Amino acid sequence: MKNFSSKFSTARDLDRQDPLRSFRDRFVIDDPQLIYLDGNSLGRLPKNTADHLDKAVKEGWGKRLIRGWNEGWFELPQKLGAKIARIIGARPDEVLVCDSTSINLFKLTAAALRARPDLKSIISDSLNFPSDLYIFQGVVDLLGDQHQLQLLPSQDRLTINTSLLQATTQANPALVALTHVAFKSGFMYDMEKITHLVHQAGGLSLWDLSHSAGAVPLQLNRWEVDLAVGCTYKYLNGGPGSPAFLYVRKDLQEELIPPLWGWFGTQNPFEFNLDFEPAAGINRFNVSTPQVLSMLGIGPALDIILEAGVDRIREKSIQQTSYLLSLFQEWLEPLGCQLGSPLDPEQRGSHVSIRHPEAYRICQALINPVPAENQPQVIPDFRTPDNIRLGIAPLYTSFADIFRALDRMRSIISRKTYTGYPLERQQVT
Ligand SMILES: *Cc1c(COP(=O)(O)O)cnc(C)c1O
């Protein structure tokens with residue numbers, strides 16, 4: 001791994017040389033002293049979004065009332081879907097913005113299993129986000145408990161061995177449903193290679209892109225991915241609880257029957273036909289009235305990503321996570337911290353987890369410094385049992401942020417400052 005000097009001037013130099021540095025200015029930075037390393041959980045607010053939403057509420061809802069539906073609201077799921085398609089390497093008519101990630105996962109999982117009635121196994125892995133696993137378990141239950149959900153184990157709590165996956169696909173799975181970038185360790189699969197393996201075994205692939213969309217380059221079409229879902233409130237900066245997206249490859253759209261039948265899944269909801277007839281294309285995976293206000297927050301944020309370009313974002317992300325790891329090795333490893341993420345940048349997304357038995361209290365000390373000490377506030381997040389998760393959002397994370405955050409961690413751990421914080425955990429960590 002490339003080694004960086006651990007002087008603050010190095011961080012400053014890296015920031016000066018950063019071709020994306022001006023993008024930080026596009027976001028609301030309310031407190032310049034605050035070091036925000038949780039953009040992988042809730043992205044920052046773009047300045048344009050605040051103005052756009054203000055106008056949409058006052059002019060759109062306030063003045064146009066119901067007429068707004070014919071003035072752009074109705075097409076929001078498709079229009080935003082087409083923008084996301086450019087970010088994930090798909091066609092504009094293959095992506096729809098609607099519902100939440102979990103609900104979209106439910107819709108696509110059920111549709112996929114019913115399209116392969118002779119195959120009875122689903123493969124996922126033990127690093128997956130639990131909600132994704134609950135959705136699979138629920139679909140299996142709903143379909144009469146005829147499927148087996150098999151979870152690939154992780155030997156090192158960090159990665160999943162591709163040869164294990166390859167061996168498992170010999171058993172002809174109906175569906176291989178994985179999260180591209182694991183939420184704790186940041187481990188990233190080779191999506192192209194795995195999708196190819198799944199196809200050789202005759203199954204369908206379903207990828208959760210929640211921690212990759214907007215952070216790593218994706219080529220869903222080129223890699224022949226069948227199905228995908230993902231969040232818009234993480235690296236896509238769409239706002240708290242903003243609607244999710246789903247992707248269904250064009251040639252599969254007619255074959256798959258959605259499990260939730262609602263009026264927005266028909267060709268024309270305003271025909272009010274008494275019998276459900278699924279729309280011809282991607283719209284059949286829509287269900288009901290779009291959440292207009294939440295959706296309006298997504299567009300300006302996507303424009304920023306498109307302008308910066310995901311390739312450039314990824315380049316900076318690799319440089320920043322490598323910089324973080326170099327400081328980790330110099331400062332934190334000697335203090336008893338362990339790396340909770342893969343060392344190889346090709347195998348990780350845009351966040352890094354650092355493990356320590358006192359991870360929870362270290363996070364509390366980072367978030368709530370003792371006022372008298374006059375230290376900067378750092379916001380990472382904690383993922384049980386021992387991960388301090390540091391999210392790098394290259395559009396607004398600076399090298400100086402990373403330097404200061406790791407320097408704070410070094411001080412908190414070496415001086416055991418965390419012992420002054422309660423062990424009891426808050427509801428949202
Ligand atoms: C963030 C995330 C989700 C979130 O699901 P919601 O339905 O929005 O609550 C789902 N899956 C993964 C892998 C995630 O990272």
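Predicted model: local features only at pLDDT ≥ 70, side-chain atom pairs only at ≥ 80, totals over all residues.
Trainee: What are the ground rules for the numbering and the values?

Mentor: Residues count from 1 along each chain as its sequence is written, and side-chain values use heavy atoms, leaving out hydrogens and water. Since you asked about rules, local features need pLDDT of at least 70, side-chain atom pairs count only at pLDDT 80 or more, and totals for chains, interfaces and linings use all residues.

Trainee: Which residues does the cis peptide bond join?

Mentor: Most peptide bonds are trans. Here, one with omega of about 0° sits at a proline in the loop between β12 (381-383) and β13 (387-391); strands are DSSP runs of E, at least two residues, and helices runs of H or I, at least four, numbered from the N terminus. The cis bond joins Thr 384 and Pro 385.

Trainee: Is Asp 145 buried or exposed?

Mentor: Asp 145 has a positive phi near 55° without being a glycine, and lies in the loop between α5 (130-142) and β4 (148-152). Buried means under 20% relative accessible area, exposed over 50%, and partly exposed in between (1.4 Å probe, protein chains only). At 56%, Asp 145 is therefore exposed.

Trainee: How are α3 and α9 oriented to each other?

Mentor: Axes are lines fitted to C-alpha atoms, for helices over the stretch in contact, with angles from 0 to 180 degrees between N-to-C directions. The axes of α3 (residues 76-88) and α9 (residues 299-308) come within 10 Å and cross at roughly 25°. Angles under 35 degrees count as roughly parallel, over 145 as roughly antiparallel, 65 to 115 as roughly perpendicular and the rest as oblique. So α3 and α9 are roughly parallel.

Trainee: Why is the pair of Tyr 189 and Trp 207 called what it is?

Mentor: Rings of Phe, Tyr and Trp (its six-membered ring) pair if their centres lie within 6.5 Å; planes under 30 degrees apart count as stacked, over 60 as edge-to-face and the rest as tilted. The centres of Tyr 189 and Trp 207 are 5.8 Å apart and the planes are at 70°, so the pair is edge-to-face.

Trainee: What type of pair do Trp 263 and Phe 270 make?

Mentor: Trp 263 is partly exposed at 34% relative accessible area, and Phe 270 is partly exposed at 47%. Ring pairs link both into a cluster with Phe 74, Phe 264 and Phe 272. The centres of Trp 263 and Phe 270 are 5.3 Å apart and the planes are at 55°, so the pair is tilted.
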